[in-house]
Amino acid sequence: MAHLKRAEAPLRYLTKSLVKKALSCPRKLVYATNPDTYPQKYDLVADPMRQHLSTEGERFGDYCKDLFPLGIEIGKDTSFERHSNAPMSEADLIDETKRLLMGEEPIVLFEGAVHHGLLFARPDVLVKTIDTDNNQTELKIIEVKSKSWDSRHTVESKMLTLKNSIRSTFLPYIQDVAFQTLVLRRAFPDFRISSWLMMRDRAKKLKDTLDKEGMAQSIDDSV
């Protein structure tokens with residue numbers, strides 16, 4: 001009797017989306033990782049509000065990409081050698097990201113793919129800088145959020161309560177970038193990793209030129 005080899009299940013990474021579900025309710029993680037058994041409500045019925053928020057988020061994300069004109073979008077405009085026109089696999093995306101980040105030059109990547117073990121992250125923007133004086137390489141994780149910010153206030157007054165805990169309105173964003181920071185620090189232990197949120201600044205007037213410095217807010221002390 002022929003021996004039938006059991007097919008291996010596809011590798012399933014723990015992503016920031018799954019982490020967010022687990023933080024809101026551990027049971028949601030079970031539902032999300034078993035979509036055939038537990039179909040999600042928004043998969044069955046189109047949600048106009050969800051679609052609107054997604055569209056607005058994509059528009060703001062495209063605007064922020066214009067702040068980095070030399071940025072490379074992983075999976076779209078990279079030079080990874082493929083033998084077909086099929087979309088790049090997660091392994092391909094990871095390999096291409098690592099190849100570019102391990103180069104000797106500074107670089108900006110959009111939607112880079114990084115993993116450590118079963119942890120997987122795709123930061124909106126990764127900025128690699130090299131300090132030749134101190135012989136140190138830094139990776140800036142920039143998470144783009146369409147939420148507004150007011151630079152007339154300090155980070156502490158906007159993000160922290162009087163008891164020095166993170167405000168609920170900002171907690172999901174901090175948890176989001178904190179997970180990505182964890183993955184990057186484990187994947188690139190020799191690099192300095194810093195964490196940033198990029199948001200609309202209500203204190204600034206619209207200019208003819210783009211200003212990434214005015215939109216990026218470091219939260220390195222918070223994660």
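Analyst: A salt bridge is a side-chain nitrogen of Lys or Arg within 4 Å of a carboxyl oxygen of Asp or Glu. The structure holds nine salt bridges. This is a predicted model: local features need pLDDT of at least 70, side-chain atom pairs count only at pLDDT 80 or more, and totals for chains, interfaces and linings use all residues. Residues are numbered from 1 along each chain as its sequence is written, and side-chain values use heavy atoms, with hydrogens and water left out.

User: What makes Asp176 and Lys16 a salt bridge?

Analyst: Their closest N and O atoms are 3.5 Å apart. The cut-off is 4 Å, so Asp176 and Lys16 qualify. Helices (H or I, at least four residues) and strands (E, at least two) are DSSP runs, numbered from the N terminus.

User: Why is Asp176 called buried?

Analyst: Buried means under 20% relative accessible area, exposed over 50%, and partly exposed in between (1.4 Å probe, protein chains only). Asp176 has 2%, so it counts as buried.

User: Which distant parts of the chain does the pair of Asp176 and Lys145 link?

Analyst: Asp176 is in helix H7 and Lys145 is in strand E6, 31 residues apart. The closest N and O atoms of this salt bridge are 3.0 Å apart. Both residues are buried. Lys16, Glu143, Lys145 and Asp176 are linked in a network of salt bridges.

User: What makes Asp150 and Arg152 a salt bridge?

Analyst: Their side chains meet at 2.8 Å, N to O. That is within 4 Å, so the pair qualifies. Asp150 has 5% relative accessibility, so it is buried. Arg152 has 63%, so it is exposed.

User: How many bridges join strand E6 (residues 136-149) to E7?

Analyst: Nine bridges join them, and the strands run parallel. Two strands pair if DSSP finds at least two bridges between them, so E6 and E7 pair. In E7, Leu197 is the bridge partner of Glu143.

User: Why is strand E7 (residues 192-201) called largely enclosed?

Analyst: Eight of its ten residues are buried, so the rest of the structure largely encloses E7.

User: Which strands pair with E2, and in what sense?

Analyst: Strand E1 (residues 72-73) pairs with E2 in the parallel sense over two bridges. In E2, Leu109 is the bridge partner of Ile72. E2 and strand E5 (residues 125-131) run antiparallel, joined by four bridges. In E5, Leu126 stands opposite Leu109.

User: What makes a set of residues a nonpolar core?

Analyst: The residues are buried Ala, Val, Leu, Ile, Met, Phe, Trp, Tyr and Cys, joined through side-chain atoms within 4.5 Å. The largest core here has 25 residues. Leu101, Leu109, Leu126, Leu139, Leu184 and Phe188 have the most contacts inside it. Helix H5 (90-101), strand E2 (107-110), strand E4 (119-121), E6 and helix H7 (171-187) each supply at least two residues of this core. A second, separate core of twelve residues includes Phe68, Val108, Ile142 and Met198.

User: Which residues does Leu101 contact?

Analyst: Contact means heavy atoms within 4.5 Å. Leaving aside neighbours within four places in sequence, Leu101 is in contact with Ile107, Leu109, Leu126, Lys128, Leu139, Phe188 and Phe191.

User: Why is Val30 called partly exposed?

Analyst: Val30 has a relative accessible area of 31%. That falls between 20% and 50%, so Val30 is partly exposed. Its place is in helix H2 (residues 26-32). With Tyr31 and Tyr38, Val30 forms a nonpolar patch on the surface, with about 230 Å² of accessible area together. Patches are made of residues with over 30% relative accessible area and no salt bridge: like charges are joined within 9 Å, nonpolar side chains (Val, Leu, Ile, Met, Phe, Trp, Tyr) within 5 Å. Accessible areas come from the Shrake-Rupley method with a 1.4 Å probe; for residues, only the protein chains shown count as cover.
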